[in-house]
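Biologist: I would like to walk through this model with you. Shall we take it question by question?

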Amino acid sequence: MVDSPTSANQWLRLRGRIIGLVIGVLLLIGCFLVSLVAGAARTDFNTVWTALFAFNDSTEHVVIRTARLPRALIAPTVGAALAVAGALMQGLTRNPLADSGLLGINAGAALAVVATTVWLGNASMQFFWMAFIGAAIAAGAVYFLGSLGRRGMTTLKLVLAGAVLSYLLAAFTTGLLILSERTLEEIRFWLAGSVAGQNLEVFWQVSPYLIAGFAIAFSLGRQMTALSLGEEVAHGLGLRIGRVKAMSAIAVVLLAGGSVALAGPIAFVGLVVPHLVRFWVGVDYRWLLPYAAIWGAILLLLADLAARWLLQPQELPVGVMMTLLGGPFFVYLARSRVKS
Amino acid sequence: MKSKGTKAALTPSWLVWRSRLFSIRLDRRVPKVLFVLVLMILGVLIVSISYGNYFLPPIEVVRALLGQETTNPDASLLVMTLRLPRAIAALEVGMGLAVAGTILQGVTRNPLAAPEIIGVQAGAGLVVVAILVLLPALPLVLLPVAAFVGGLLTALLVYLLAWNRGSTPLRLVLVGIGVAAIAAALTTLLITFGEIREVSQALVWLTGSVYGCGWEQVAILFPWLMIFLPMTWGLARELNVLTLGDDVARGLGSQVEWQRGLLLLTSVALTGASVAIAGTLGFIGLMAPHLARQLVGASHAGLIPAAALIGGLIVVAADLVGRSVFAPIELPCGVVTAVLGAPYFLYLLLQHDDR
C-alpha cells in the first residue's frame, strides 16, 4: 500500500508507477496519431493537423475526419473499456482466465443488438442500448451457471460455462442472420469485432455509459484490491462485499456492453492486458485499473493498425487480430495459472 | 458357434457370444435399443424426405425408395437425387462424430471431451477453409484427408500444449478452447482474404450443415465410415480397459500408449471426414455417447453402435427441424444442435462437478 509514502522504497515504487503512467500516456498519444496518419491514402501529420483544426473540404480532410478519426477514437476507447472490464472480472471472480469475451458477455450483448435489429428491421445501430441489456443477462447467466454445483465457483467451470454460453449465443446470432439475409452484410464485419466504418454519432451516444462505467470502476480500486485477496480477507477488512460485487458487476456490464455497441464482440483484450500490467504494478487495483485502461487502449490501436496493414488492401476485423494475439496467451495462462 | 447367455445365472444382464476367433459380451439391453434406434432413424428419414418445398406423402417416399411405381412421376427423381442423399449424408456425419466423441471420452476418461471441445473440429475446419480458398482445384475426395491432417495436427498441438509433467482432463479442455479460438480466427482471416463470394454460404458451412449434399458427398464419406467404424468396434475391449486407467490397463497387459494412439487417430479421422462434408457441426460427439451410455451402459461393444445410431438420429432430426421451423428459410442444423447441445453440456459440467 502506498497511502503514506514514508520510506524511500515506497517513494521509488510510486515514482516508478508514475513514470510508467506517463510513458503509457505518451505511447497512447503516439499510437493515436499514427492511426490517424496511416491508411490507404497517403497523408502526413500536417494534413492531419489541418484536417482537425483548419478543415477544408479536400478529400484527404474528409477521409481523416469521417473515416480515420472515428476509428482512432473508438479503438482506444473500446480497448480501455474491455481491459478495465477484464481486470474487474478477474478480481470479482478471482479467476485468472476471466474476460468479457471468453465468458460470453460480449456474445450476449451482440445477440441482443442483432436480435433487435433483425426484429425491428433497421441496421443503423440505433439499438445500441440493447447491448447493455444483453450483456447484463449474459453476465448474470454465466455467473449463475459458474457457481452452481457443489464446489461453488471454480476457474474451470466458469470458463467452460462461458465458452459454451458464447457458443450457444453465437449460434443464435448466426441463425438470426441467416433468417434475415438482408442485414448480413451490414452486420457481419461488426460481428467479427471491428472498429472500422462506425461514425462518431454512435460514439457520442455510447460514451456517457462508458464514462459512467470507468467512473464506477476507478472508484472501486481499493475495494477490488481487498476483494481480489479473497472474500475472507475482504470481510476481515470491513468491506461490504455484496455492494462492491454489485457495483463492479454494473461497471463490467456498462463497459463490455458499451464496447460491443461500438465495435462488436472483441475477446481477449480483457484477458491479456490486466495480466501484462500486473507485471508492472502488482495487485493494487488503484493502479492496475488506470494502467489497464491505458495499455488496453494502446493494444487495440496497435491491433487495429496491424489489422489494416496485414492483408492490404483488404482489412481484417480487429477482433480477429486480437484472437490471434490473445489465444496463445490464454493457452499460456491455462498451462501456468490453472491448478487442477 | 453361438451360445447365448452362457453365464445367465451369474451375470443376468449380459449377452455373451463366443467363438474360436473372438468372443463378445454385450449388455442385454443392446439388441432391443439398437432395434428401436434403427426404427426411429427409418421413421425420421422418411419424414425428412417427405418434407420440403414440395411435400411428398410418406407412402410415396417409401414407394420411391423401394423402386416402385409412384403416383407422382417426379417423386422418384426428387427422392433419389435430392432428398435421400442429403438425409444419408446427415446420418453418416452424425455417426462419424458420435463415434469420434465416444472414443475421445473413453480414452481421455473425460466426460466433457468431444471433438469440438478439444479443438479437433476447429483445426479440421480451418484446413478445409484454407483449401477452399487457396487450392480450389483440389478434388473433393481429398478434402476429408486434408481435414484429417488438420484435425490431427490440432489434436497433437493441444495435447502437447496441455502436457505439463503429465496431462489432466481439465487442462486439456482449457487448452482446447484456446486453440479452437485461434483456429476460428485464422478461418475468419482466410475468409476475409479469399473474399468468398457467398459469405452466407461460408457462414452456413461453418455452423455445420448438410445443405446441398448429394451422392458425391455420401460416397466420399462412406469409405471412412466403413473402415473406421468397424475398427473402433473391434477395439471396444481395449477401450473398456483404457477407461479403467493406465495402471490397471497396463496390469491387464494392454500396450497403453500404442492403443491410445490408434484410437485417437481413429477419432480424428472420423471427425475430419465429417467436418469435410458438413462443417463444424457441434455437440454431436458430446451428446451421443452420454445418451447412449444411459441406454446401454458403459461397455463399449454396445456403446459404440448405440452412440453411432443416436448421433445419426440427432443430425437427421436436427436437419429436419432446421429446415422446417422457419421454412422456407433453412437454419443450418448446427444451430439446432447447438441449441440442444449447449444446455446439455452445462448439465454434464454440473453433474461432473457434483461427483
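Modeller: A definition first: two residues are in contact if their C-beta atoms, placed from the backbone, lie within 7 Å. This is a predicted model, where local features need pLDDT of at least 70, side-chain atom pairs count only at pLDDT 80 or more, and totals for chains, interfaces and linings use all residues. Residues are numbered from 1 along each chain as its sequence is written, while chains are lettered from A and ligands numbered from 1 in the order in which they are written.

Biologist: What share of the contacts in chain A with a separation of 6 or more joins residues 24 or more positions apart?

Modeller: Take the contacts in chain A with a separation of 6 or more. Chain B, counted likewise, gives 73% for residues 24 or more positions apart. For chain A the share is 75%.

Biologist: How many strands does the secondary structure of chain B hold?

Modeller: Chain A comes to 14 helices and zero strands. Chain B also shows 14 helices. Its strands number two.

Biologist: What radius of gyration does chain A have?

Modeller: The radius is taken over C-alpha atoms, and the globule rule is 2.2 Å times the number of residues to the power 0.38. The C-alpha atoms of chain A fill a box of roughly 65 × 55 × 35 Å along the principal axes. With 340 residues, a compact globule would come near 20 Å, and chain A agrees, at 20 Å.

Biologist: Which helix of chain A gives the most to the side that touches chain B?

Modeller: Across the interface, 37 residues of chain A are in contact with 39 residues of chain B. Helix 6 (155-179), helix 7 (184-191) and helix 14 (318-336) of chain A each supply at least two residues of that side of chain A. With 14 residues, the top contributor is helix 6 of chain A.

Biologist: How many of the 25 residues of helix 6 of chain A are buried?

Modeller: A residue is buried if 20 or more other C-beta atoms lie within 10 Å of its own, exposed if 12 or fewer, and partly exposed in between; C-beta atoms are placed from the backbone. Helix 6 of chain A is mostly covered. Of its 25 residues, the buried ones number 24.

Biologist: Is A:I266 buried or exposed?

Modeller: A:I266 sits in the loop between helix 11 (241-263) and helix 12 (269-281) of chain A. Beyond four places in sequence, the residues that A:I266 touches include A:V78, A:L82 and A:M322. Because A:I266 has 32 C-beta neighbours inside 10 Å, it counts as buried.

Biologist: Which residue follows helix 9 of chain A with a positive phi?

Modeller: Six of the eight residues of helix 9 (residues 221-228) of chain A are buried, so this helix is largely enclosed by the rest of the structure. Its cover includes helix 3 (59-93), helix 10 (231-236), helix 11 and helix 13 of chain A. After helix 9 of chain A, with a phi near 120°, comes A:G230.

Biologist: Is A:R94 buried or partly exposed?

Modeller: A:R94 has a positive phi of about 50° although it is not a glycine. A:R94 lies in the loop between helix 3 and helix 4 (105-120) of chain A. With 16 C-beta neighbours inside 10 Å, A:R94 counts as partly exposed.

Biologist: How many C-beta neighbours inside 10 Å does B:F283 have?

Modeller: B:F283 also has a positive phi, about 75°, and is not a glycine. B:F283 is found in the loop between helix 11 (256-278) and helix 12 (284-296) of chain B. B:F283 counts as buried, and its C-beta neighbours inside 10 Å number 31.

How values were computed
Helix = DSSP H or I, 4+ residues; strand = E, 2+ residues; numbered from the N terminus.
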